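Here are a few friendly notes to read alongside the model. Take them in any order you like.

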Amino acid sequence: MMAVVLDLISWILLSIGGVFVLIGGIGALRMPNLYTRMHAASVTDTMGAALVLIGVMVQAGLTLASIKLGAILLFLLITSPTASYALASAALLAGINPDAGQAADETAGT
């Protein structure tokens, strides 16, 4: 009975994580400029990866594999936001304005 509950929790986490990754991918394609695309991708992919890893950790139980997955999760939670910040900072230094792409969207709607 307990194994069924753990499997159910694991598959729910894996499914929700997959949905987050899918939404992040769609957001990266559909958003109008670099900064909104980066925001959509970084937030949802960090959450999606975390949920998938937690789901696999629940599936693995209390083993060495789950400790390794926890270390990977910690590494991802530190590096993903840092990489997004570095990308945004480099784009800003390169002269890409945060409002770039808005004017094209406003003229397309009229």
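1. Which residues form a nonpolar patch on the surface? They are M1, M2, V5, L6 and I9, with about 520 Å² of accessible area together. Patch members have over 30% relative accessible area and no salt bridge, and nonpolar side chains (Val, Leu, Ile, Met, Phe, Trp, Tyr) are joined within 5 Å. A salt bridge is a side-chain nitrogen of Lys or Arg within 4 Å of a carboxyl oxygen of Asp or Glu. Areas come from the Shrake-Rupley method with a 1.4 Å probe, and for residues only the protein chains shown count as cover.

2. A word on the source: this is a predicted model, where local features need pLDDT of at least 70, side-chain atom pairs count only at pLDDT 80 or more, and totals for chains, interfaces and linings use all residues. Residues are numbered from 1 along each chain as its sequence is written, and side-chain values use heavy atoms, with hydrogens and water left out.

3. M2 belongs to helix 1, residues 2-30. M2 counts as exposed because its relative accessibility is 59% (exposed is over 50%, buried under 20%, partly exposed in between).

4. The protein chain has four helices and zero strands (DSSP runs: H or I of at least four residues, E of at least two). Its radius of gyration, taken over C-alpha atoms, is 18 Å, well over the 13 Å from the globule rule for 110 residues, so the chain is more spread out than a compact globule. That rule is 2.2 Å times the number of residues to the power 0.38.

5. Of the 110 residues in the protein chain, 23% are buried.

Notes:
Patch = residues over 30% accessible without salt bridge, like charges linked within 9 Å, V, L, I, M, F, W, Y side chains within 5 Å. Buried < 20%, exposed > 50% of the residue type's maximum accessible area, 1.4 Å probe, protein only.
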